[in-house]
Amino acid sequence: MRGKAPLASLMAAAVALAGCGEGGGAAQPAQDAPAAWFDQAGIQAFGPARTVVLGFDGTSSYIRQDDRTHSRPGVFGPDLSYIRDSGAPAPGQAAQWLRFTLRGEAYFATQGQHLPIVLNFAQYPDPRSTRRSPAGVEGRMIFIGGDEPGAWDCPSRSSANIYFETRLSGRAEAPDVLAVKCARDAPGLRDGVAYRIEVSAGPRRIAYTIADEAGRVLAEGATDDGDYPPLSWNQPFLRQLTAADSDFPARLAALAHNREFAVLAAFTTRNAGPWSLTLSDIASGWK
């Protein structure tokens, strides 16, 4: 049935994204110094940095924050993720934004399966677990990657299709609820080229722009949380969005108050050789 396989895949990525942490927003390390967590699901790095490199050097998976490297031998699958706080919005500011330059080396050719860029981000621990394993992840995001056969709704299986996603954590009580759609945009990202990316998320809205080294806009788009197609994988989200007796609309509105962002190279399990994904000139805030 259309939707089952991609939903399972994306849920696996979300669990992996949360899996390295020892808790949700309040439980993560202070942001005044770089820190990292490791487990079988990947590496998460936290803290301020102007440049972050996610990669595999042929022997070890690693995340480099400026001059500090977090590394362990082996292929970490499915993800390597960088998480940071955007700070507190000033009165009247409601849209979180993130800007950075992105450059892949042997990434889009050999990986490129799933690259989420998440704002209004939070992850929550499972209180029933002695390991503080995750019970949910939430945020507003775009993700860049190839469509799986029978998955989502992009017309092509380009390695650089763009998708929108809104995800609300079910925390420990229920599975996360999400909606996904194709942005109908395939900018054709290539290794060895620097791309300037800007993503913003405000109440009910996600927007993005991707430009090349010369500043030419290659892709841009926006969506509203209520503007997802009524396809099978979106049905639980759409039902709760309009249910009269549901607390879902209030929880969705509260999503805009999450202050973190996350960028991750997910499903990084096809390491035939070294690859890297460099984020430079990272800046984030509110407007």
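Buried means under 20% relative accessible area, exposed means over 50%, and partly exposed lies in between (1.4 Å probe, protein chains only). The model is predicted: local features need pLDDT of at least 70, side-chain atom pairs count only at pLDDT 80 or more, and totals for chains, interfaces and linings use all residues. Residues are numbered from 1 along each chain as its sequence is written, and side-chain values use heavy atoms, with hydrogens and water left out.

**View 1. Aspartate 227 and lysine 181 meet in a salt bridge.** A salt bridge is a side-chain nitrogen of Lys or Arg within 4 Å of a carboxyl oxygen of Asp or Glu. Here the N to O distance is 3.3 Å. The pair links distant parts of the chain, 46 residues apart. Aspartate 227 sits in the loop between strand 14 and helix 2, and lysine 181 sits in strand 11. Helices (H or I, at least four residues) and strands (E, at least two) are DSSP runs, numbered from the N terminus. Aspartate 227 has 45% relative accessibility, so it counts as partly exposed. Lysine 181 has 11%, so it counts as buried.

**View 2. The protein chain has three helices and 16 strands.** The chain has 287 residues, and 54% of them count as buried. Contact means heavy atoms within 4.5 Å. Take the contacts between residues at least 6 apart in sequence: 65% of these join residues at least 24 apart.

View 3. Two strands pair if DSSP finds at least two bridges between them.

**View 4. Strand 7 and strand 12 run antiparallel.** Strand 7 covers residues 96-105, and strand 12 covers residues 194-202. Eight bridges join them. Arginine 99 has glutamate 198 of strand 12 as its bridge partner.

**View 5. Cysteine 154 and cysteine 182 form a disulfide.** The structure holds one disulfide. A disulfide is a pair of cysteine sulfur atoms within 2.5 Å. In this pair the sulfur atoms are 1.8 Å apart. The torsion about the S-S bond is about 80 degrees, so the disulfide is right-handed. Cysteine 154 lies in the loop between strand 9 (134-145) and strand 10 (161-168), and cysteine 182 lies in strand 11 (residues 177-182), so the pair ties together parts 28 residues apart in sequence. Are these cysteines buried or exposed? Cysteine 154 is buried, at 11% relative accessible area. Cysteine 182 is buried too, at 6%.

**View 6. Isoleucine 117 is buried, with a relative accessible area of 0%.** This residue is found in strand 8 (residues 115-125). Its contacts, not counting residues up to four places away in sequence, include Leu98, Phe100, Met141, Ile197 and Val263. Arg140 is also one of the residues that isoleucine 117 touches. Leucine 98 is 19 residues apart from isoleucine 117 along the chain, and their C-alpha atoms are separated by 9.0 Å.

**View 7. Helix 2 has its buried residues on one face.** Helix 2 spans residues 235-242, and its buried residues are Phe237, Leu238 and Leu241. Seen down the helix axis, they fall within an arc of 95 degrees, so they line one face of the helix. The arc is that of the directions from the helix axis to the C-beta atoms. What do these buried residues pack against? They pack against strand 10, strand 11 and helix 3 (248-254).

**View 8. The structure holds eleven salt bridges.** One of them joins arginine 216 and aspartate 212, at 2.9 Å from N to O. Arginine 216 is exposed, at 56% relative accessible area, whereas aspartate 212 is buried, at 12%. Salt bridges that share partners also join Arg99, Glu198 and Lys287 into one network. Glutamate 105 and arginine 103 form another salt bridge, with the closest N and O atoms 2.9 Å apart. Glutamate 105 is partly exposed, at 36%, and arginine 103 is partly exposed, at 33%.
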